[in-house]
Every structure is written in C-alpha cells, then in structure tokens.
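Hello,

I am passing a structure on to you, and I hope you enjoy exploring it. Please have a look at it first; my notes on what turned up follow below.

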Amino acid sequence: MTTPLPVRYSTDLEEIKPDEKQVIADLNETFDVILKRTAEDYGHAVRSVHAKSHGILEGTMTVENGLTPELAQGLFASPGSYKVYLRLSTNAGDILPDAISLPRGLAMKVVGVEGARIEGAEGETQDFVMVNGPVFQAPDAKKFHGNLKLLAKTTDRMEGTKKVLSSVLQGVNSALEAVGITSSAVQSLGGAPNIDPLGETYFSVTPFLYGDYVAKFRLKPVAHGLVELTGREIDTSIGDNAIRDTVQAEMRDTAGEWLFQVQLCRDLEKQPIEDPTVEWDEQDAPFITVAKVSVAPQDSWSDDNVRKVDEEMRFSVWTGLAAHRPLGNINRARKDTYQHSSQFRAGFNRCPIHEPQE
C-alpha cells in the first residue's frame, strides 16, 4: 500500500474559535491560583505545570544526512549537531511525593538554531515539549480549562488523599490496560503507572508546522541502557523523590540515545489539526527519523544544571523557528499561558528567565 503524500500547510487548515481570547484569559486566571498557592506554600515559585523535575541532562542532537525534501525542513533542513538540554518531569503544578503517579514529561531545548523566528521568540533555540503518551487529555482549551479548575482546587492540598486516589486509579488503569484500553483521563488524575522516565517514548501530542507541511514529533529511546528500562516500575515507597534518585543513579553509567522522529500529516480526516485527543495512527502516517539525541553518562541532578535549567530557563512550544510554529487550538492557548507562568516565576523568584547561548 502506497503511503499518501504529506499535506501541505495552508492557513485554512486551522479553525480559530470565537471565544479563544476569553478562554485564554480564564486559563491564566486559573493558573494564577496554582502559581500563587504553590509560591506561598514553598516560598519559591514553580512552574504551573510539570513543576517537579526528575532529571536534567545535557546532550547533542545530530540531524541526519540525506533527508528527503519533505523531511529536510526548518531545523532539519541541513545535517549538523546542536547542544541540547533535556528536562524530565511529572505533569502536576505542585511538587508531590512520587507515590502520586502522574504522566511523565520531557522538554528539550536545542541551542544555536539559526533562522527566522516565531514572532516574539527570543534567542536562538528550539523547544520541544513532550509527554509519554500520544494524545492530549482534552479536545480543546475550553475543555482543558474545565479539567484545570478541578486540579487547581486540590493543588498542594490533601496529599494523603491524593496518594490513596493515585493508588486506586493505578489499579483501575492496570485493569483497563489488561483488556486493551488506555485512558489518558485516568492517568492524568493519578492512575499512570509509576515507571522509569528514562525508558519512555515521548510525543508532542499536538501538531506543528514542519516547513511546508504539518507534523507531530516523537522521541524514542534506542540505546540498550534505556530500552531495558522501558516499562520498569520504580518503588516509590522508599522516598518522596525516588524517581529523581533512581534516574541519578542510572545516569552515572548510562549512555543514552533517542531517535527524534517526525510524523507528517497525510490525511486531514485521519490526522486532524484541531483535536489532539485523536491519535494519528502510525499505519496511516508513519514516524520517520530525522535526528538522533545522545547523552553521555553524567550527574542528572548537578547543582549547576538544576540552577541553569530548572531555575533560569523556561520551555515553551512557542520558542523556536517560524518553520515549526505550533498549530491548533490547544497550542494557540499555550502561547500566552506559558509566557504568563514564566513571568510570574521570574518576578516572584527575582531570577530572570532567559534563553541559553550555549
């Protein structure tokens, strides 16, 4: 069966909803509840989502040579190597004990990227923000705001209750997976399996401009030392930061390598732009490798990188090249909310957020 040609981007592929500005204002208001409550409790402002880090890694992205014209776009137009920073995290806006099991995140910042920028994007970096699942929990920003309001009500509250709920939901999730059902809603509420983040595959979930085309992204582990960790559960009863401690111990002698892959949109009905709850089936739109990301054994929780990356950097899908501009309602809502969160954090902590030069 012949794979269809990739869909070329045009402005009519996106559908701007009339209430988007109001929904974004509502999101910022709810994020403020999370940001202010956690800052007051900790005496230090943290991210409104993915507040807790499990590891910070430095590495290299190497763009493949000889890519076909539809793949040789934007950052990937020419072969080359770039420094990258990777931040492994959990998706809650408060810093919870690891026994409360939630989906994992991986944010990657590629440094020294030249080219026309997204309007307002500072520096010469390209950010990729991913999670360990192929779909988003809500079809649009308005529905996501409904979920966020529920999370805001329990932010930094009732940790014991959250632990019990997480344990119950992990059992529910396991039962669903046993009969072939995956529930992103159950996982987002604390039912995600407590697995090692180093063995996970991460997805952009939402679509992006890919030069002349439209694509989603994936980061897939291929190094033996990472692959053998895939699906391995971590005993979080040993401490509140068991995941961070496990990653730190593993990275002391693990060389990591991931494939950075692109999934080009080839059928707008099967691969919609505006609904990230729909998984783009690999049979219809295969993932293709355009680069490799490698990291040497290192201290994944060094004081220097915690300060440099966790405190002084922000990760945003709107930081990068115009050739990789975010697409769709969820991504449009992320622009102002990401900026709002980082400005609050910088102001409260009196620590400027900036893009790295190296």
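Before the first finding, one term: two residues are in contact when they have heavy atoms within 4.5 Å. Please also keep in mind that this is a predicted model.

Let me start with a pair of helices. Two packed helices are described by the angle between their axes and the distance between the axes. Here helix 1 (residues 20-42) packs with helix 8 (residues 329-349) at an angle of about 35 degrees, and their axes are 9 Å apart. The crossing of helix 1 past helix 8 is right-handed. On the helix 1 side, the residues that meet helix 8 are Glu20, Ile24, Leu27, Asn28, Phe31, Asp32, Leu35, Lys36 and Ala39. Their partners in helix 8 are Asn329, Arg332, Ala333, Asp336, Thr337, His340, Ser341, Phe344 and Phe348. In this contact, eight residues are nonpolar, five polar and five charged.

Next, the spaces in the model. The second largest pocket holds about 290 Å³ of space. Its lining has 17 residues, and Gly120, Glu122, Arg314, Gln339 and Ser342 are the ones nearest its centre. By type, that pocket lining comprises four nonpolar, seven polar and six charged residues.

There are also two cavities of 30 Å³ or more. The second largest cavity has a volume of about 30 Å³, and its lining consists of Asp127, Phe128, Val129, Met130, Ser204, Phe208, Phe217 and Val317. Strand 4 (residues 125-131) contributes the most to this lining, with four residues. Six of the lining residues of the second largest cavity are nonpolar, one is polar and one is charged.

Thr319 sits in the loop between helix 7 (303-311) and helix 8. Thr319 counts as buried because its relative accessibility is 1%, and the cut-off for buried is under 20%. Apart from neighbours within four places in sequence, Thr319 touches Lys109, Arg117, Ala121, Glu122, Thr125, Gln126, Asp127, Arg314 and Glu355.

Which residues have a positive phi although they are not glycines? One of them is Val205, with a phi of about 70 degrees, in the loop between strand 5 (202-203) and strand 6 (208-210). Another is Arg350, with a phi of about 50 degrees, in the segment after helix 8. Val205 is buried, at 4% relative accessibility, whereas Arg350 is exposed, at 75%.

Best wishes

Terms used
Residues numbered from 1 in each chain as written. Predicted model: local features only at pLDDT ≥ 70, side-chain atom pairs only at ≥ 80, totals over all residues. Heavy atoms only, no water. 1 Å grid on protein atoms, 1.4 Å probe; cavity = no way out; pocket = protein on both sides within 12 Å on 5 of 7 lines; lining within 4 Å. Points joined across faces, edges and corners; volume = space filled by probe spheres on them. Nonpolar A, V, L, I, M, F, W, Y, C, P; charged D, E, K, R; others polar. Axes fitted to C-alpha atoms, helices over the stretch in contact; angles between N-to-C directions. Helix = DSSP H or I, 4+ residues; strand = E, 2+ residues; numbered from the N terminus. Left-handed = near helix turned anticlockwise from the far one by under 90°. Buried < 20%, exposed > 50% of the residue type's maximum accessible area, 1.4 Å probe, protein only.
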